[in-house]
There are 2 protein chains.
Amino acid sequence: MSLTPLVQSFIERCMVAVGTQPHHAHSLAEVLVEGDHRGHYSHGLNRMDMYVKDVQTGICAKDGEPVVEKDSPATALVDGKNLLGPVVGNFCMNLAIKKAKEVGVGWVVAHGSNHYGIAGYYAMQALKENMIGMSFTNTSPLVVPTRGKECTLGTNPLSVAAPANNGDSFILDMATSAVALGKVELHERRGDSIPEGWGSDAQGKMATDPKRVLSGGGLVPIGGSEATGGYKGYGLGMMVEMFCGILAGAQYSKYIRTWKVTDKVANLGQCFVAINPENFAPGFNDRMSDLLSVHRGMEPADPDAPVLAAGDPERMHMKKCEELGGISYHLNVVNYMFCVIYQWALCTAPLLPEL
Amino acid sequence: MSLTPLVQSFIERCMVAVGTQPHHAHSLAEVLVEGDHRGHYSHGLNRMDMYVKDVQTGICAKDGEPVVEKDSPATALVDGKNLLGPVVGNFCMNLAIKKAKEVGVGWVVAHGSNHYGIAGYYAMQALKENMIGMSFTNTSPLVVPTRGKECTLGTNPLSVAAPANNGDSFILDMATSAVALGKVELHERRGDSIPEGWGSDAQGKMATDPKRVLSGGGLVPIGGSEATGGYKGYGLGMMVEMFCGILAGAQYSKYIRTWKVTDKVANLGQCFVAINPENFAPGFNDRMSDLLSVHRGMEPADPDAPVLAAGDPERMHMKKCEELGGISYHLNVVNYMFCVIYQWALCTAPLLPEL
């Protein structure tokens, strides 16, 4: 039995129960299920309660559609109207793809958006049209810049997807922090130390005790300390902020609401790009496939750990889901979502349909 | 006395002496001097001998102009005609800026190019028009992908420049390897060990002995080992390759000629992008200035090491040059260039003018 349609429908019905438009709820459910399917459980069902609460409290808009505020052949500025992130993201990415078909590139940015799930979801939409896709979002401050001791940047993810032959592709989907906050939390819960280069303490010193990172410290940018090139990751995080909050005129940097504090409209900035390889040298997919083969076919340092290309870990997870006949969830997530949230939604929305 | 005009003119005359068109020699000299001026000595005068040799041996073209092979409102594919990298780079970046003025974005890629100096030089051209600029290039294989033990990617730099108020700007100009090869070489020469996370040995294991990195090993991507997020840097290196060799139909990955082996045409791929902030939310420069101020104004972890923004180390170097009345070069570089190379060029080009 496949769990996927059940989860998709569960998320949709929870969101509709608190007043979300059914097609908006559908968009959100698709992105969250895709997150779980690709193994990014931190960006899937696990986060549904945040979206439910945001709509229920009125912090995120229930209804309406994004609006194009400014338009040119290759660009658009979109007001996300404080709608769910995936509603804004789909609107912008479709527009970017349309522009790329017409003039080769589409570059669309949105303000007034909310958390949009995995960045890769939007970049991957371009693959369906055999195009290169990119997506960026700013997020609540969790990252301490090199030499600093205060969180002024989010994990600011970027995603780039490029098509190869026979449905194969390169899919980079990464935060510009060394690791996600969830990884540090997991180590703390287990009582494990973390490797040097994941986070720093409240004094801005690299920490190996996850508790010190979680109490007044923060994540560090990719590259870790200054000596190992952390300033590059810091620069990449700033680049994402520039394409999102700064270019779109949204909230940015330390002004974005604190992570998990949802008493304030998020007004996130997001950026969506489509590039049509047909406008460049013929044979893009062939070369892309060869580039992937060069890497996957390399002799690995450890025979048990093959060299992968970006997107391969997710592919392996999806294959596992197929073999299992569905996405496997940790019992705690299922319990929490299917019992606590369901009950909670039920109180405020007696029309919530039965599972 | 300012050394800059002297060095600029010296480079130009050396290049012209081996047959380069004067305006091409001028373009190269400008990029190399700018590299030195910004403190990136590895990409300045220090590399002139490579360009002189490439032209003298006929591996790089002396004459001609880049040609637009394919054109659309927002894009162009350029054949660099095997000309000097800066000649191709200036041509493409100017075209990208022109397109961004017309349709909001210009995305131009070139095949048939050569080493183009610092990537930031091209991205920064966009600042003159108050635009965002980007530049990417592939390079000879020096980087070992995560889990691998063979170099299949170059240091594949990326640069992103964005304007702020009063001539201030954000200028990210970074290799996607943790560090440049030159840094490892420098430590080896001094007999120092290198930090974990800079390079790996011939078996793909992280090495702290620079000799092991330089003899059959390679640089590692930003992020270092797999545990500290090196796969993200590896993904970024692949992204740069995708925008360069793959999109432009140039040489790519392990097929690019070995570093410092110049018996084969380079056929590098490069990518140049301009984005016009006027097509997006009003007030871009104000927000950009504020984002820079938020970071520069932060209380640093160490009072003696202020928090910087991308481009600030270069700004500090340029200020030092101003105070000194010119760019300071290491005596060895001056000796090598002004004596050995000059003499060597003289043998084959008796018309080389006196200094």
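Buried area is the accessible area, taken with a 1.4 Å probe, that two parts lose on being put together, summed over both. Keep that in mind as you open this predicted model, where local features need pLDDT of at least 70, side-chain atom pairs count only at pLDDT 80 or more, and totals for chains, interfaces and linings use all residues. Residues are numbered from 1 along each chain as its sequence is written, chains are lettered from A in the order in which they are written, and side-chain values use heavy atoms, without hydrogens and water.

Start by colouring chains A and B. Between them, about 6800 Å² is buried, and carbon and sulfur atoms give 70% of that. Now pick R147(B), K232(B) and F280(B): these three supply 11% of what chain B buries against chain A, more than any other three residues.

Next, show contacts (heavy atoms within 4.5 Å). You'll find 86 residues of chain B touching 86 residues of chain A.

Want a salt bridge, meaning a Lys or Arg side-chain nitrogen within 4 Å of an Asp or Glu carboxyl oxygen? Select K149(A) and E299(B), whose closest N and O atoms are 3.2 Å apart. The two chains share two salt bridges in total.

Finally, select F243(B). Leaving aside neighbours within four places in sequence, F243(B) is in contact with residues of both chains, including I132(A), M134(A), W107(B) and F136(B). F243(B) is also among the residues with the most contacts inside the largest nonpolar core, which has 205 residues. Such a core is a set of buried (under 20% relative accessible area, 1.4 Å probe, protein chains only) Ala, Val, Leu, Ile, Met, Phe, Trp, Tyr and Cys residues joined through side-chain atoms within 4.5 Å.

How values were computed
Buried means under 20% relative accessible area, exposed over 50%, partly exposed in between (1.4 Å probe, protein chains only).
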